[in-house]
Amino acid sequence: MVKRLVSLLLGALVVGLGVAGAPASAAGDSRVAAFQATLHTGGFVVRAGDTGPVFFPQLVDAHFLESAAGNNAGNPYKRFDIPPPPPRTFPRQLSVFRLAPYEAVVYLGPTPPAADYFSFTPFLYIRHYLTRPVRDWLFASLGDPLNNALIRVQGGGDPFDKNTMIIFTADRGIYERIAAAAEAAGYPASMINLYPLPSNVLHMGLSPGSDTFSIGVRTANFKSQAEGNRYLFDAHWANVYRITPETIPPSDPLPQPPPRPREWRHESTLVPGIVPALNRLGRAIVAHTPHMITRQFGSQQWFPLSSDVLTATPGSPDYRQFAAGESTDTPYLRSALGGQPANFRLGLHDRLVVYGVNHAATGLATYSSFAVYGDFRLNTCEHQVPRFVYGCGDPIWNGVAGMTNHDFTGSARRYLPRDPLARYLYAVTVVRIKRECPAGPTDPYCLVVPFATQGRQPPSATVIGLGYPLMIGYRAYLNPVTKSGPSYRDIIPDRAILFPAG
């Protein structure tokens with residue numbers, strides 16, 4: 001995972017230097033021009049945007065953000081870059097934007113290449129206030145993600161690398177006009193997706209007090225990393241448009257869809273006896289690991305639910321809270337002690353063993369993972385740079401290394417060689433240097449946390465410096481039955497044991 005992350009970062013640097021990538025995947029479809037022409041004839045101004053990768057730790061290092069927002073280590077986002085509305089001629093497209101309730105953003109072109117998972121999600125990124133000189137980085141999703149299990153694509157079937165259209169809008173009439181233009185250009189209705197923006201809980205508009213949005217594409221575990229990199233760094237993989245009617249129509253707001261159900265079956269009913277087996281694994285880890293003392297961590301919900309943040313009113317616990325890009329396609333768990341969030345320090349000779357239920361093996365998730373995060377605050381944004389930096393005061397939450405079920409399946413057999421339920425469990429050692437791995441530097445079930453011993457302080461967000469507190473974050477994406485993330489009530493929380501060197 002660490003090598004994979006490094007290769008992606010190098011790819012970002014290459015793109016930043018202007019080296020040409022692969023040919024655009026969305027090019028060569030004559031229907032694109034016909035669609036734009038039909039929209040123009042129908043009274044719309046169409047402005048084209050782009051897409052690009054997002055590396056949250058690098059944005060922290062560049063002082064654009066103070067928090068990496070719990071980034072999924074090794075799996076960067078892709079963002080939409082949206083042009084300004086007419087008649088403005090601002091030359092740059094922006095990855096955060098305001099949108100009038102009668103406008104739309106449209107994605108037209110191929111979905112990401114084959115992977116475990118992808119989704120398209122719009123976010124309330126920043127909330128502004130006309131009556132107060134403050135602005136909140138909420139990063140709250142505007143609804144359930146449109147994921148690979150639910151998206152409509154041309155021809156149906158396998159949803160990867162297939163043509164699709166997604167219309168993000170708050171207005172029913174605008175959606176119907178754009179969809180009709182697409183069908184007139186030759187796109188089948190069966191590939192058109194509506195993503196309704198919930199205007200009843202948003203401050204939509206173009207004025208300074210309006211909400212600011214972003215749209216992100218999450219992907220995870222490409223079958224071919226070369227294809228994945230080509231997708232991530234191709235700014236024209238698909239077409240992105242801002243579509244604005246020349247005449248403001250009567251308002252016809254779309255209703256906010258009800259949330260998709262997430263509860264299904266508790267993991268202990270999927271695999272009877274799994275909780276006692278997990279307890280046996282914990283005891284075996286302690287028995288097999290040299291130690292004088294231990295600290296044993298559970299896990300609990302990490303972020304507030306975006307839906308609660310969107311609807312929170314003054315005085316409620318979720319009002320103005322940072323949702324950190326939370327979405328309903330996974331539960332988000334983090335290290336905890338006694339029902340409270342907890343972190344720890346990992347020295348050069350300390351060991352941490354992360355263990356738990358392999359949620360993909362039980363059938364509760366399509367893929368599951370854990371990652372190591374910094375859990376401290378930089379508190380530098382207000383006095384080190386001349387501009388406001390979003391996330392000032394939020395924990396850094398920079399994911400620097402992690403493993404998925406593809407990496408750790410089978411790892412529990414080291415501790416439970418004859419236990420028939422070991423195949424549903426995992427156990428991975430986390431260290432600072434390779435020689436501290438239990439089976440040596442080539443140990444496949446050992447994760448090394450990158451750190452810097454010198455350089456600027458605080459250290460880069462791509463590492464976690466020695467002496468800085470860290471934590472473990474856990475994900476379990478997409479229950480294949482419900483097509484949403486497993487419910488917090490269904491999942492057995494992951495655990496960890498710290499073995500200090502003394």
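Helices (H or I, at least four residues) and strands (E, at least two) in these legends are DSSP runs, numbered from the N terminus. The model is predicted, so local features need pLDDT of at least 70 and side-chain atom pairs count only at pLDDT 80 or more, while totals for chains, interfaces and linings use all residues. Residues are numbered from 1 along each chain as its sequence is written, and side-chain values use heavy atoms, with hydrogens and water left out.

**View 1. Asp161 has a positive phi in a loop.** Welcome to the loop between strand 6 (146-147) and strand 7, where Asp161 is found. Its phi is about 55 degrees, a positive value although Asp161 is not a glycine. Most residues other than glycine have a negative phi, and most peptide bonds are trans. Asp161 has a relative accessible area of 39% and is therefore partly exposed; here buried means under 20% relative accessible area, exposed over 50%, and partly exposed in between (1.4 Å probe, protein chains only).

**View 2. Asn221 has a positive phi within a strand.** Take a look at strand 9 (residues 212-222), which contains Asn221. The phi of Asn221 is near 60 degrees, a positive value in a residue other than glycine. Asn221 has a relative accessibility of 8%, so this residue counts as buried.

**View 3. Pro86 and Pro87 are joined by a cis peptide bond.** Omega for this bond is about 5 degrees. Pro87 belongs to the loop between strand 2 (77-81) and strand 3.

View 4. Please start with the buried residues of helix 2: Arg31, Val32, Phe35 and Leu39. An α-helix has 3.6 residues a turn, so residues three or four places apart point the same way. The buried residues pack against strand 1 (44-54), strand 3 (104-110), strand 7 (163-169), helix 4 (172-184) and strand 10 (239-245). On the face turned away from the buried side, helix 2 carries the exposed residues Ser30 and Thr41. Helix 2 (residues 30-41) has 12 residues, which should span 16 Å at 1.5 Å a residue, and its end C-alpha atoms are 17 Å apart, which agrees. The expected span is 1.5 Å times one less than the number of residues. Just after helix 2, Gly43 takes a positive phi of about 95 degrees.

**View 5. Tyr426 makes a polar contact with Asp494.** Tyr426 sits in strand 17 (residues 425-431), and its relative accessible area of 1% is why Tyr426 is buried. What does the side chain of Tyr426 make with the side chain of Asp494? The two side chains make a polar contact at 2.8 Å. A polar contact is a pair of N or O atoms within 3.5 Å; within protein, one must be able to donate a hydrogen and the other to accept it, and residues adjacent in sequence count only if both atoms are side-chain atoms. Leaving aside neighbours within four places in sequence, Tyr426 is in contact (heavy atoms within 4.5 Å) with residues including Leu281, Tyr355, Phe370, Phe408 and Tyr474.

**View 6. A disulfide joins Cys437 to Cys446.** The structure holds 1 disulfide, a term for a pair of cysteine sulfur atoms within 2.5 Å. In this pair, the S to S distance is 2.1 Å. The torsion about the S-S bond is about -80 degrees, so the disulfide is left-handed. Cys437 counts as buried at 5% relative accessibility, and Cys446 is buried with a relative accessible area of 10%.

**View 7. Trp137 and Phe139 form a stacked aromatic pair.** A search of the whole structure finds 34 aromatic pairs. Among them, Trp137 and Phe139 are stacked, 6.0 Å centre to centre with 15 degrees between the planes. Rings of Phe, Tyr and Trp (its six-membered ring) pair if their centres lie within 6.5 Å; planes under 30 degrees apart count as stacked, over 60 as edge-to-face and the rest as tilted. Trp137 is buried, with a relative accessible area of 5%, and Phe139 is buried at 2%. Ring pairs link both into a cluster, with other members including Phe56, Tyr77, Trp302 and Trp397.
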